[in-house]
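I opened my notebook to look at how one protein chain packs. Below are my entries, in the order I made them.

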Amino acid sequence: MLTAVQPVGSLSEDIVWIDLFEPTREEDSYVEQLLDISVPTRDELKDIEPSSRLYTEKNGLFMTGSVVWKADSEEPELTDVAFILAGGRLLTVRYAEPRSFRLFTAALGRTAQAHHTGASLLAHLIETIVDRTAEILEGAVTRVDRLSIDIFRDREKRRPPKFLEGKLADIAGCHRLVGKVRDSLGSLSRVLSFLMNAPAIAAESELHSLCGTVARDVATLSEHAAFVAGNIAFLLDASLGLINVEQNAIIKIFSIASVVFLPPTLVASVYGMNFRMMPELDWTFGYPWALLAMLVSALVPFYFFRWKGWL
């Protein structure tokens, strides 16, 4: 990040990338005077209209893309980053620190002697962002595969209580992450389409070819992300279905138990009546007979249900 201690107009020709990370208003004004452009504010980066995210103003080419960050946490987010080509230099404005920027900076350190322009830096920076997005998507695919194994594991093994309900939270986390990836890829696709028509890119066949390759990668990743989103939706439906099956099985057990114990209850009710003229009151074997009748009346429906396959 540039600081305001340098006098305006002293920007060296060797400086081709200015990265404003959480800039103050004074730093914005300083860079605006250096490059003779208007630096977008945090609120302006949040605009979703295409005309506010992709436009040309004076000598600057302004593009705003959404980048996934905090992907390894429980709450991944999108952060809007401004990419500006002005005076042969690249200016980036961001209010978060996605890992792709650290990866790109580290890669630049290994090729410090190479000649870079603002356009080439931008093309390679977007390539790094797309590569990092692909890694995030691969991680999401691994999580979805693991969830699928857990949800559809051998049903002979008894699941812990509330097991499937706990998996719903994991499915929601995967859905949130893949949703952020899809939004980011859609944003990057629009940035690349706009960038490929920029004179600074169109004039250099190598950069134009690189942008075309990255744009095709973005399209492929978008298709793959849509496929993964479909798998997540399937896992959600399957989990809810299995939860319903387990709940129905519990209801079935209670229903069958009530039917099985209904005949013994009837027998006990009959012989529990205290009418004076009941012949069984003086019967010596009345009590064993009542117990046997209740047992038989319970076993008959039980084995009937077993025979029907309802148990």
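**Model.** I worked from a predicted model, where local features need pLDDT of at least 70, side-chain atom pairs count only at pLDDT 80 or more, and totals for chains, interfaces and linings use all residues. Residues are numbered from 1 along each chain as its sequence is written, and side-chain values use heavy atoms, with hydrogens and water left out.

Buried means under 20% relative accessible area, exposed over 50%, and partly exposed in between, with a 1.4 Å probe and protein chains only. This core has 58 residues, and Met 63, Phe 83, Leu 122, Ile 126 and Leu 195 touch the most other members. H5 supplies its largest share, 15 residues. Helices (H or I, at least four residues) and strands (E, at least two) are DSSP runs, numbered from the N terminus. I also found a second, separate core of 16 residues, with Tyr 95 among them.

**Arg 53.** Is Arg 53 buried or exposed? Arg 53 is buried, at a relative accessible area of 8%. I found Arg 53 in helix H3 (residues 50–53). Its contacts (heavy atoms within 4.5 Å) include Met 63, Asp 80 and Ser 187.

**H10.** I checked the length of helix H10 (residues 286–308): its 23 residues should span 33 Å at 1.5 Å a residue, and its end C-alpha atoms are 33 Å apart, which agrees. The expected span is 1.5 Å times one less than the number of residues. The buried residues of H10, including Ala 290 and Phe 305, pack against H8 and helix H9 (262–271).

Note on methods
A nonpolar core is a set of buried Ala, Val, Leu, Ile, Met, Phe, Trp, Tyr and Cys residues joined through side-chain atoms within 4.5 Å. Lists of a residue's contacts leave out its neighbours within four places in sequence.
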